[in-house]
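Please keep the sequence and the structure in view while reading.

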There are 2 protein chains.
Amino acid sequence: MALINKTRIDKFKNKANELFSRTIDQHITLAVTGLSRSGKTAFITSLVNQLINEGNGTRLTFFDPVHQGRFIAAKRVPQKHFHVPRFEYDAAMSALTADMAKWPEATHGISELRLAIRYQPNSLLKYTTDMATLTIDITDYPGEWLLDLPMLKQTYQEWSEQTHNLLTSVPRYEYSKVFLAKLKDMDPFAPISEDVLADLAKEYTKLLHIFRHQLGLSIIQPGRFILPGELAGAPILEFFPFPDISKLDANDYQNAADDSFIGMLRSRYLEYKEQVVRKFYQQHFVRFDRQIVLADCLTALNKGKESFADLEQAINMILESYSYGKSGLLSRLFTPKIDKLLFAATKADHVTPEQHTPLVSLLNQLIYKSKHQLNYDAVEVKTLAIASVKATHTGTIDHQGKVVPVIQGQRKIHQKNSDETVSPTSTDSEKRAERLTEKVTVFPGQVPETLPNNEYWQKSAFNFINFLPMSNLTKHQCLPHVRMDQVLQFLLADKMI
Amino acid sequence: MALINKTRIDKFKNKANELFSRTIDQHITLAVTGLSRSGKTAFITSLVNQLINEGNGTRLTFFDPVHQGRFIAAKRVPQKHFHVPRFEYDAAMSALTADMAKWPEATHGISELRLAIRYQPNSLLKYTTDMATLTIDITDYPGEWLLDLPMLKQTYQEWSEQTHNLLTSVPRYEYSKVFLAKLKDMDPFAPISEDVLADLAKEYTKLLHIFRHQLGLSIIQPGRFILPGELAGAPILEFFPFPDISKLDANDYQNAADDSFIGMLRSRYLEYKEQVVRKFYQQHFVRFDRQIVLADCLTALNKGKESFADLEQAINMILESYSYGKSGLLSRLFTPKIDKLLFAATKADHVTPEQHTPLVSLLNQLIYKSKHQLNYDAVEVKTLAIASVKATHTGTIDHQGKVVPVIQGQRKIHQKNSDETVSPTSTDSEKRAERLTEKVTVFPGQVPETLPNNEYWQKSAFNFINFLPMSNLTKHQCLPHVRMDQVLQFLLADKMI
């Protein structure tokens with residue numbers, strides 16, 4: 001008994017402390033997620049880097065607290081949830097500032113980092129205090145978890161139909177047809193062994209990995225299948241869509257036995273919704289104040305029509321999670337606090353500067369075309385074209401008498417076996433770097449201002465290059481960036497007045 | 001709202017179904033855990049194998065339902081908790097029955113498997129039904145999680161002192177002294193950065209891996225450090241004992257700031273207790289009906305005095321979790337249902353049969369010497385010497401005119417580079433097996449009947465050999481074993497009357 005009371009008192013104390021500090025100072029829970037390798041780790045690293053190194057070469061003109069000289073200092077402090085992995089800021093900075101600079105490794109699952117920013121308030125508060133603190137809890141989580149949220153209001157039938165539609169369309173169908181043919185031969189109402197189900201689920205999971213890593217698609221459902229963590233090998237990750245589920249007799253479907261093929265798929269789907277999706281929703285999503293979604297529109301443009309359509313549908317699915325109203329996902333009971341939602345088109349430094357305006361306008365089209373546009377009045381939505389860590393220099397060249405804008409950066413030289421081409425006696429890492437990278441000056445192409453039509457795709461006019469980070473970055477200086485100050489202004493500035 | 005009601009109704013339906021089946025039939029939640037590589041996977045595999053293949057060469061004489069001809073059949077059915085990984089029975093059987101038979105791979109974390117046993121009741125019930133079903137939920141979890149339970153009633157000071165005592169004793173001290181020296185130089189009340197703490201925690205975790213894998217010790221605390229799963233990189237796994245904590249001024253310790261070294265260690269310890277240990281306790285431990293703890297006393301005997309003392313202390317810590325009473329861990333609110341607790345000394349086939357009696361008597365001494373002996377009247381405790389999967393044949397040889405009992409089995413031949421010694425053109429796996437294993441006939445030594453004294457350790461009389469499984473095992477036959485029928489009799493038979 002003593003044990004329990006002690007725990008309760010501790011909990012109460014913690015709550016009280018938290019409340020106290022929130023009334024004096026400000027607090028933001030910032031959620032960061034991204035679609036298909038959009039550079040989430042680089043973004044969080046740069047955001048932290050800009051704030052904690054403010055003063056050392058900062059370029060944060062559009063961030064009011066800095067511009068107005070009220071920004072004092074920021075530092076990392078222990079995060080709020082001890083049971084959530086820490087965002088690996090130091091490892092990411094080491095990668096970016098290494099002799100052979102490279103992009104930081106992608107994170108798996110969820111992680112956290114807390115910053116405390118000291119600033120001078122310019123509001124009424126300044127008469128009561130000289131200094132205030134804004135605490136920012138940054139939560140980094142996989143984009144797939146956000147894309148899973150619409151499942152909360154889908155039955156297994158609805159989800160199955162939607163996902164089956166994806167599987168039978170370009171570009172997924174080429175990879176999924178063998179799997180789907182197998183399913184078509186099976187009786188949905190016959191009993192099935194767990195082993196067969198487990199094997200089929202493994203095949204489906206393999207497909208998801210191909211969609212994600214080989215095709216670079218955004219809609220990967222169920223998201224936890226490709227990052228299983230402690231659920232690896234659990235039945236909850238052993239289901240998949242069933243073909244033509246709408247053609248099954250409704251009564252037969254409703255009354256399908258628990259040990260039948262369709263019955264097992266359905267019950268696992270329901271468990272996934274409850275144990276994975278709803279848990280993420282309740283434990284994390286409802287606590288977020290602000291959300292930034294990173295999207296790599298340029299790679300999608302480069303990959304072509306289907307990849308771009310997939311990005312469009314993914315953004316559509318995300319907006320669903322923020323659309324209030326009767327039919328929306330968010331009933332009053334579970335309304336999250338999010339009041340600002342930022343979509344950022346990343347890697348803007350990978351095109352020439354005059355293309356940034358079309359890039360943002362393209363992103364706007366992706367968002368405002370959505371049928372959800374009317375429903376999210378409560379959330380302020382903004383779009384920006386950014387580069388978290390700028391990897392190119394901009395300039396112009398003279399091409400056949402015309403001045404053409406270009407960008408210049410380093411890229412990796414792809415070699416089948418890089419070990420063989422470098423002399424094994426060469427130990428000078430600088431030399432190696434020279435040999436394995438090359439400087440490229442290029443005009444990557446025009447970003448379409450509106451959703452591209454067939455003509456655009458047929459010309460395939462866009463030539464995207466994956467640049468390496470610049471090689472002269474240092475740890476305690478601000479990283480070069482494009483519009484990170486506008487990101488900070490939108491996400492933080494209103495809490496620092 | 002519709003969503004929630006539906007969920008509630010589903011939950012209610014599930015509960016109702018469960019209750020219904022429990023009143024007609026019987027149900028057991030069987031927890032299996034082991035100390036330091038005691039053969040947990042082999043045990044569960046054999047237990048399942050004996051039951052589902054009953055009739056195909058079964059040797060279950062001491063299991064009443066089989067002996068009395070009332071056992072009908074057993075089969076695997078979908079497990080209860082979909083979010084818990086499934087115990088990999090098929091993979092384990094494949095390893096045991098492969099051309100080159102090997103022991104199944106150790107499992108990580110928790111897993112589940114459900115069996116349904118059909119039998120004829122011999123009680124009053126038989127007038128109402130011809131057949132009854134006993135459902136068994138087998139939960140496999142790491143022994144370290146059981147050893148963590150005593151932390152629930154320890155303060156950070158208490159835990160720190162106890163664990164520091166271990167670190168400063170043989171055989172751990174040789175490995176931990178560098179780490180401890182580092183800690184001694186640090187001011188417990190000075191602020192410390194998270195990075196320094198994280199690095200020290202990594203060092204402490206490395207030590208735990210050495211203790212577990214190199215020294216073969218049982219007490220590895222905190223247990224989750226060596227199997228972090230989704231907590232990898234989380235601050236909750238970044239603490240350790242502080243040297244001579246009792247020498248710190250009590251007031252200073254109580255008032256230590258949250259960002260001081262000792263304050264951070266303490267708050268992480270408390271979070272670990274709540275988020276890891278208590279969660280395991282509430283989500284799993286309180287639901288178990290019966291518990292089997294596997295211990296490899298023979299390897300401990302072989303490794304020597306300290307390894308054996310560690311096993312003794314581990315058993316002592318386990319018994320604490322089952323000791324009822326005012327000072328016990330288990331307040332009335334959290335009383336688990338466990339009514340039977342079996343300690344099994346595994347690998348009994350690795351000594352000659354007449355040594356089984358001393359082996360059990362030794363295990364009894366380990367248990368009944370414990371100060372907790374009087375407190376667990378509510379739990380029936382039994383000890384057995386078993387072999388889950390028998391790996392040896394027994395016989396006698398004539399040695400200098402005396403008949404000596406021996407065992408015979410296969411063992412791996414350790415080669416520094418086995419690839420080089422086998423001709424690369426040889427593709428016959430049988431031939432390879434012959435080359436890399438050898439048949440050994442041996443009398444491994446006498447197991448002491450009482451806790452061994454210094455004289456025993458000085459003679460180091462015990463020569464334990466790690467045998468491979470027999471090579472002629474087949475998938476749908478019962479595995480050879482020693483006393484698995486007595487295990488089943490103790491754990492299951494009373495629910496099948």
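The model is predicted, so local features need pLDDT of at least 70 and side-chain atom pairs count only at pLDDT 80 or more, whereas totals for chains, interfaces and linings use all residues. Residues are numbered from 1 along each chain as its sequence is written, chains are lettered from A in the order in which they are written, and side-chain values use heavy atoms, leaving out hydrogens and water.

**Chain A as a whole**

- Chain A contains 17 helices and 10 strands; these are DSSP runs, of H or I with at least four residues for helices and of E with at least two for strands, numbered from the N terminus.
- Of the 497 residues in chain A, 53% are buried, a term for under 20% relative accessible area, taken with a 1.4 Å probe and protein chains only.
- Among contacts (heavy atoms within 4.5 Å) in chain A between residues at least 6 apart in sequence, 79% join residues at least 24 apart.

**Nonpolar cores**

- A nonpolar core is a set of buried Ala, Val, Leu, Ile, Met, Phe, Trp, Tyr and Cys residues joined through side-chain atoms within 4.5 Å.
- The largest such core has 91 residues, and A:F240, A:F285 and A:F343 have the most contacts inside it.
- Helix α10 (residues 261–283) of chain A gives the most to this core, namely 10 residues.
- Another core, of 90 residues, lies apart from it and includes B:I192, B:F225, B:V286 and B:Y322.

**A pair of helices**

- In chain A, the axes of helix α7 (residues 173–184) and helix α8 (residues 194–214) come within 10 Å and cross at roughly 160 degrees; axes are lines fitted to C-alpha atoms over the stretch in contact, and angles run from 0 to 180 degrees between N-to-C directions.
- The two helices are therefore roughly antiparallel, the term for angles over 145 degrees.
- Residues of α7(A), including A:Y175 and A:F179, meet residues of α8(A), including A:L200 and A:Y204.

**Two single residues**

- A:E144 lies in helix α5 (residues 143–148) of chain A and is buried, with a relative accessible area of 5%.
- Beyond its neighbours within four places in sequence, A:E144 is in contact with A:R212, A:I220, A:G223 and A:I226.
- B:V77 is placed in strand β2 (residues 71–77) of chain B.
- Leaving aside neighbours within four places in sequence, B:V77 is in contact with A:E194, B:R114, B:L115 and B:A116.

Terms used:
Buried means under 20% relative accessible area, exposed over 50%, partly exposed in between (1.4 Å probe, protein chains only). Angles under 35 degrees count as roughly parallel, over 145 as roughly antiparallel, 65 to 115 as roughly perpendicular and the rest as oblique.
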